[in-house]
Amino acid sequence: MPREIDEAWVDEAITRYRRIQTAQADFDRAAAMVAVTVRSSDGTVEVDVTATGVITEVRILGSLHGRTGRDLSAAVTAAVTAATEAARWAREKLRAEAFADYPSLAD
């Protein structure tokens, strides 16, 4: 038995889909523009990262006199790890703001 197509429901679904697409595009642009700066715990390395997780700059701060390659490597690793976490935090914060009007599918 053929079913009738509810054109109003289809139109509403299309409108909602387009709103979500627009919100996603806005979110993606915002995530690429938001940058977070983190430092290694010893203050030797500073890393800038976008909310998309792209590292845009790594800076070595201060003198490296008396530091070994292993020390510097550990500081870089710590800063990059912190940058990854900072990017995740920034992305979640943006997501909460950008999609605040949309109910969660997990609820």
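A polar contact of 2.6 Å links the side chain of aspartate 48 to that of threonine 37, a polar contact being a pair of N or O atoms within 3.5 Å, of which, within protein, one must be able to donate a hydrogen and the other to accept it, with residues adjacent in sequence counted only if both atoms are side-chain atoms. The model is a predicted one, in which local features need pLDDT of at least 70 and side-chain atom pairs count only at pLDDT 80 or more, while totals for chains, interfaces and linings use all residues. Residues are numbered from 1 along each chain as its sequence is written, and side-chain values use heavy atoms, with hydrogens and water left out.

Aspartate 48 belongs to strand E2, where helices (H or I, at least four residues) and strands (E, at least two) are DSSP runs numbered from the N terminus. Aspartate 48 counts as buried because its relative accessibility is 13%, the term buried meaning under 20% relative accessible area, exposed over 50%, and partly exposed in between (1.4 Å probe, protein chains only). When neighbours within four places in sequence are left aside, aspartate 48 is in contact (heavy atoms within 4.5 Å) with Val36, Thr37, Val54, Ile55, Thr56, Glu57 and Arg59.

Valine 36, one of these partners, is located in strand E1 and is likewise buried, with a relative accessible area of 15%. Apart from residues up to four places away in sequence, valine 36 touches Val47, Asp48 and Val49, together with Ala86 and Ala90. From valine 36 to arginine 18, by contrast, the C-alpha distance is 30 Å, at a separation of 18 residues in sequence.

The loop between E1 and E2 holds threonine 44, which counts as buried at 5% relative accessibility. The side chain of threonine 44 makes a polar contact of 2.5 Å with the side chain of arginine 67, and the residues touched by threonine 44, not counting those up to four places away in sequence, are Arg59, Ile60, Leu61, Leu64, Arg67, Leu72 and Ala75. Glycine 62, in the loop between strand E3 (55-60) and H2, is instead exposed, with a relative accessible area of 67%.

Helix H2 (residues 69-98) contains 30 residues and should span 44 Å at 1.5 Å a residue, which agrees with the 43 Å between its end C-alpha atoms; the expected span is 1.5 Å times one less than the number of residues. The buried residues of H2 are Ala75, Ala79, Ala83, Ala86, Ala87, Ala90 and Leu94, and their cover includes helix H1 (7-33), strand E1 (35-39) and strand E2 (45-50).

In H1, which has 27 residues, the distance from the first C-alpha to the last is 39 Å, close to the expected 39 Å. At the start of H1, a side-chain oxygen of aspartate 6 comes to within 3.2 Å of the backbone nitrogen of alanine 8. Ala23, Phe27 and Ala31 are buried in H1, and the buried residues of this helix pack against E2 and H2.

The axes of H1 and H2 come within 10 Å and cross at roughly 150°, axes being lines fitted to C-alpha atoms, for helices over the stretch in contact, with angles from 0 to 180 degrees between N-to-C directions. Phe27, Ala30 and Ala31 of H1 make the contact with Arg91, Leu94, Arg95 and Ala98 of H2.
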